[in-house]
Each structure stands twice: as structure tokens, then as C-alpha cells.
Amino acid sequence: MITFDSMNLDPALIAAIKEEAYDKPTPIQEKAIPIIERGKDLIGQAQTGSGKTAAFAIPILNRLCKIAPEPDSYNKVKAIVLAPTRELALQIGESFHNYGRYTSVGTGVIFGGVTPKRHMKVLKREPRVIVATPGRLLDFIQQDVIELSDVELLVLDEADRMLELGMLEDVKAIIRQLPKQRQNLLFSATMSGPVKELAKSICKDPETIVVKGEKKNLPKITQYVYFVEETHKAERLIDFLKFETYESVLVFVRTKGKADRLAKTINISNIRTRALHGDLNQSERVKVLTMFKNKEISVLIATDVASRGIDIDRLSHVINFNVPNVAETYVHRIGRTGRAGEAGISISYCSKVEEPFLKRIEALQGTKLTVKNKSQN
Ligand code: AMP
């Protein structure tokens with residue numbers, strides 16, 4: 001059995017990993033860490049929930065903590081991690097911070113929607129790892145406030161999502177500013193043509209690993225579907241929230257307006273909930289997420305983009321208030337539960353018009369969802 005102890009990691013990292021109580025590397029960590037350690041470029045196909053953040057964060061920290069900080073001089077950025085959303089960027093930043101807490105390697109997180117002053121504070125601490133959303137990092141590069149001439153490592157996380165969100169040009173513009181000699185790691189849940197093209201344009205002679213989240217993770221997620229008309233969905237959800245047992249529920253809706261309206265309806269029923277969507281400003285988002293993480297509220301209504309990369313311990317249920325028309329979105333959504341070996345439940349409310357979407361989801365996964373009777377939740 002491969003263990004973290006056998007991976008030639010710095011004792012400071014081993015100590016932090018022990019505190020995280022990780023028994024052994026997940027499959028993607030088992031494969032990716034040795035490849036990254038050898039300095040190879042890597043294309044990894046894996047879902048959020050597979051442990052992929054640690055799969056790149058641990059070997060990056062292992063490399064950087066061997067480089068002694070330069071006294072009195074400017075410690076330049078050595079690694080850039082690009083992520084599609086600020087929530088994911090914050091989460092990756094938190095992982096670097098956790099795994100690296102006994103090292104001298106600092107991590108800074110940069111994203112849109114906060115004042116430049118706050119970011120200046122981040123940069124003043126001279127982080128050697130920067131986790132960023134592409135737009136804001138590019139702003140900083142163009143304003144000449146960030147020095148990237150020492151970057152040795154580039155990570156693109158959730159590359160498929162970045163392309164979906166139209167970030168390709170920003171990503172390319174950032175890459176043009178980086179030293180040519182560097183190690184490139186690209187992770188994506190799906191490998192469509194454009195993602196492959198991007199990977200090919202960035203990575204040199206890469207190793208490729210595929211950790212099929214669908215096959216590895218999904219057996220731990222019990223997937224139910226309810227056939228229920230749109231007008232009855234809210235009622236069905238409230239019944240569930242009132243009468244069923246759950247620890248924390250993430251409810252996905254299609255639009256920001258729907259998230260607000262549904263949160264209001266649920267609150268009226270005396271179940272405390274909040275909506276998380278792109279119209280909230282950064283401090284509101286952080287506040288809502290913190291309330292959910294601290295279990296002050298156990299129900300969160302979210303849109304896909306706002307919830308991207310949310311990582312909550314023991315998220316027991318994901319509810320798809322609508323069935324998404326893109327099957328991969330469904331896979332991303334339910335990946336929020338049943339994380340790293342824990343069991344999870346996903347429930348989808350499927351109206352008549354959404355039935356074709358359900359078929360696509362079943363085709364992608366190669367399995368059928370369990371249909372629940374109307375009398376059960
Ligand atoms: P990620 O796929 O990076 O979003 O990670 C999903 C979750 O798995 C996070 O909550 C991590 O803390 C957790 N995790 C990462 N590596 C391991 C491991 N080796 N053992 C147990 N849990 C892990």
C-alpha cells in the first residue's frame with residue numbers, strides 16, 4: 001500500500017497531513033504526486049471530491065519548502081494556480097495554507113470583487129504561491145504590481161469550467177507573461193475537444209492520468225429522482241426539509257432570482273436557509289458560506305457558478321431543484337456530497353420537460369437513477 005510516508009515528503013508536510021487525518025493518498029494523489037515530484041507536466045482528469053487539490057498542492061509545497069526564503073530580499077512568486085471562481089480559489093488557498101502550515105511557504109489568494117487594497121496586503125506578505133481567478137490576476141499583471149519572472153509551476157484547475165466561463169483569452173494572456181521554462185499541471189473534470197487543445201498548447205510531453213470520478217465516487221452517492229411538476233417542487237422540498245433527516249443540504253437552482261425566491265419561501269416555513277449566488281458581494285458570500293460551514297444554517301440554495309468548488313465536510317445531501325440540461329453539470333453538482341470516501345445522497349426533482357436531460361445524465365454515467373415513489377422522500 002502506498003502511504004504518504006513513503007512519498008519522500010518533507011516532515012513538515014507529513015505532520016500537516018497527519019493532522020488532516022488522511023490515512024492514505026486517494027487514487028489521484030497516488031498517481032499525481034510522484035509524477036509532479038519528477039518535474040513532469042501533467043494532465044489530470046478528475047472530479048472535485050477526488051482529493052485533487054492535495055494531489056497538486058502537496059508536491060508543490062514539497063518542492064517550494066526546500067527553497068530557503070531569501071533574507072532581506074524580495075521572495076518572488078514561484079507557483080501560480082488558476083481557478084475559475086473565487087470560491088474555488090479561496091478553497092485551494094485554504095488547502096495550501098493547511099498543508100503548508102509548518103513550512104515557510106506562504107500562499108496568497110487573488111480574485112475579483114474585492115478592493116485592490118486588500119490584495120496589496122496579500123502581495124506584501126510575499127507569497128510564493130498565488131491562487132487566482134484569471135481576470136483579476138491579469139489586471140495585476142497589466143498594472144505591473146505582480147512579478148512573475150520566477151514562476152516555475154503553473155496549475156490550471158477545473159480547466160473545463162474556465163473555458164465554459166469564457167476565461168480562455170485571459171488564461172492565455174497570463175501564460176504569455178510566464179517564463180517559458182516551467183512545469184505545467186492541468187486538471188479538468190471533463191476532457192472535451194477545447195480542453196484537450198488547451199492542454200496540448202500548454203503542456204510539454206505531459207503524463208496523463210484519468211481518475212474516473214463517475215466510477216470511483218458515484219457508488220458512494222445514492223442518486224434518487226422524483227418526478228414532480230415545477231409548481232409542486234417547492235412544496236416537495238419543504239416537506240423533505242421538515243420531515244427527513246439530514247446534516248447539510250445544498251440545493252441547486254438554475255437562476256439567481258430563483259435562489260432568492262426559494263430561500264424566502266423556505267424561510268417562511270421556519271427552516272433557516274440562505275441563497276448563494278453571483279449577485280452577492282464578496283463579504284456576503286463569505287458570510288453565507290461560513291454560516292453553512294459552521295452549521296448555523298443547514299440548508300443552502302445555490303446557483304451552479306456560485307457553488308463551484310464548495311467543499312463542506314459532511315455535506316449529506318445535494319438536491320437538484322432543477323435537472324440541469326448539461327449532464328456534466330449534474331456530475332459536478334452531486335460531487336459536492338459523498339466526498340473522499342463518505343456516503344452521500346443526491347435527489348433530483350424532475351419535471352416533464354426535464355426528462356430528456358435526465359436521460360442524458362443516465363447515459364453519461366451509464367447508470368439509472370433510482371425513482372422514488374411520491375409517498376416517500
Ligand atoms: P478535492 O477533490 O480537492 O476538492 O478534495 C475533496 C475532499 O477530500 C477535501 O475535503 C479534502 O480535505 C479531502 N481529502 C483530500 N485528500 C484526502 C485523503 N488522502 N484522505 C481523505 N480525505 C482527503
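In this predicted model, strands β10 and β11 run side by side in the parallel sense, joined over four bridges. Within this pair, L276 finds its bridge partner in β11, namely A302. The two strands belong to an open sheet of seven strands, whose order is β10-β11-β9-β12-β13-β8-β14 and whose pairing is parallel. At the edges of the sheet lie β10 and β14 (370-371), each of which pairs on one side only.

Four of its residues, A259, L262, A263 and I266, are buried. Seen down the axis of α12, the buried residues fall within an arc of 105°, so they line one face of the helix. The face turned away from that buried side carries R261, K264 and I268, which are exposed. After α12 comes N270, whose phi is positive, near 70°.

Attention now turns to the nonpolar interior. In soluble globular proteins, nonpolar side chains tend to be buried together. Here, the largest nonpolar core has 42 residues, and F56, I60 and F96 are those with the most contacts inside it. At least two residues of this core are supplied by each of the helices α1 (11-20), α2 (27-37), α3 (52-64) and α4 (86-99), and likewise by each of the strands β2 (79-82), β4 (129-132), β5 (153-156) and β6 (183-188). Helix α3 gives the largest share, eight residues. Leaving aside residues up to four places away in sequence, F56 touches I36, V81, I92, F96, V155, D157, L185 and F187. Another core, of 32 residues, lies apart from this one, and I43, L156, M162 and I175 are among its members.

The mean pLDDT of the protein is 88, and 92% of its residues reach 70 or more. Over residues 214-219, by contrast, pLDDT stays under 50, and the model has 13 contacts beyond four places in sequence for this stretch. Where pLDDT is low, the predicted coordinates should not be read in detail.

Terms used: Residues are numbered from 1 along each chain as its sequence is written. This is a predicted model: local features need pLDDT of at least 70, side-chain atom pairs count only at pLDDT 80 or more; totals for chains, interfaces and linings use all residues. Side-chain values use heavy atoms; hydrogens and water are left out. Buried means under 20% relative accessible area, exposed over 50%, partly exposed in between (1.4 Å probe, protein chains only). The arc is that of the directions from the helix axis to the C-beta atoms. A nonpolar core is a set of buried Ala, Val, Leu, Ile, Met, Phe, Trp, Tyr and Cys residues joined through side-chain atoms within 4.5 Å. Contact means heavy atoms within 4.5 Å. pLDDT is the predictor's confidence in each residue, from 0 to 100. Two strands pair if DSSP finds at least two bridges between them.
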